[in-house]
Amino acid sequence: MQPQSSRFRAVLTGATAFTLAAALAACGSTDGGNKGDSAKAGADKGAATATGSAAASSAPGSSAPASSGSSAPGSPAAGSTSATAAPVPAAGSGKVLMPTGPQAAFGKARDTAAGQIMMTTLAGPKSGVSGKVWVWLPPEYNDPKYAKTGFPVLTLYAGGQSAGYNTWTDNQLPIQEVDADLAKQGKAHPFIMIMPVQNLDSNEAKALECADIPGQPRIGTWMAEDIPDFVRANFRTVKGRDGWGLMGASTGAFCSAKLALQHPDKFKAAVPIDGYFNPDSPLWKGYDNDRQANSPDLLVAQGKADVRMLATAGGANAYEMKLVKAWVAKAAPPLTVEYYEQPGGKHLTTDFKKMIPDTLQWLTKNLAGPQSD
């Protein structure tokens, strides 16, 4: 992607106010360092309070994880790291989709206090794209009590180019440990977390923007079709879109907003953290109609997506606040978008980290939890 300062070029307008109940919980932090995770810090003091904006009031979803099954579940195979997505299984009468196979081969990426993060390379049959995907399963997944339980799925997109890496897999953003702890307290669903790459080249001039840009690898189809098929092939999930959410920071915010707006049949909720919304990859040159069809800045106002979103901005970055507020103000029903302004927040990994507990709880309220038949 281009530098953040050139990305944020939407026309800015006002936004209506909607109060968001939870204040963000503070976590310990380290200095942000990954590419794309820091931008021009706003010079304004930004003494913000928890506010928000919506085209319509957002209805709360289910809140606490529940349900249990019987007998010990299987786990993904360890070994080589490649996978091919399988077709989505035919709909039945139950709430749970059991894995259809073929089972992918996973290697261990790293251990966390909440279990290991696995990695495979997914060769997408619909897109023709091959890329890395990291997976974390909540502790409940391999608990025999949950052997016949389907789990909600949260796909996480990184900041920066994310070619060969995903920042949600390292210790700068310990979302896996936070989710496991909140799930024990009954405050968050135990989510299956899927963390794909977003680009196939580290050169920002070749940014794919989570879209099928003409003449380029079909990364949009890989994300919207092949990855969900892969997840259903390998893991017990919740039937339908109600248990499927997206979240991302910076460039990943763009991806989460765009994919949710384009595919409301697949995703119910999304959290774009400190994002931009106007596609600006040089690869769109000569294809402006296609670029506009993939623009969250336009999609948000079309009134076609029955999706719930929480859009955030850092309170120390006046430019970012105006940009996100302007985008939120465009939201047309049935889409609902709430706005959160992080007090003193900057466009840094350390501040994204502080928002993890409340974003997980927001997603829990707006997505279905574990289900059993």
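This is a predicted model: local features need pLDDT of at least 70, side-chain atom pairs count only at pLDDT 80 or more; totals for chains, interfaces and linings use all residues.
The structure has 8 aromatic pairs. Two of them are set out below.

| Pair | Arrangement | Centre to centre | Angle between planes |
|---|---|---|---|
| Tyr141 and Phe151 | tilted | 5.4 Å | 45° |
| Phe277 and Trp327 | stacked | 4.0 Å | 0° |

Trp327 belongs to helix α7, while Phe277 lies in the loop between β12 and α5 (288–293), so this pair ties together parts that are 50 residues apart in sequence. Both Phe277 and Trp327 are buried.

What do Tyr141 and Phe151 tie together? Tyr141 sits in the loop between β6 (130–136) and β7 (149–150), and Phe151 in the loop between β7 and β8 (153–157), so the pair joins parts that are 10 residues apart in sequence. Tyr141 and Phe151 are both buried.

Tyr141 and Phe151 also belong to one aromatic cluster, together with Phe106, Tyr146, Phe230 and Phe235. Tyr141 has a charged neighbour as well: the charged end of Arg236 sits over the Tyr141 ring, 3.9 Å from the ring centre.

Conventions: Residues are numbered from 1 along each chain as its sequence is written. Side-chain values use heavy atoms; hydrogens and water are left out. Rings of Phe, Tyr and Trp (its six-membered ring) pair if their centres lie within 6.5 Å; planes under 30 degrees apart count as stacked, over 60 as edge-to-face and the rest as tilted. Helices (H or I, at least four residues) and strands (E, at least two) are DSSP runs, numbered from the N terminus. Buried means under 20% relative accessible area, exposed over 50%, partly exposed in between (1.4 Å probe, protein chains only). A charge sits over a ring if NZ of Lys or CZ of Arg is within 6 Å of the ring centre and within 35 degrees of the ring normal.
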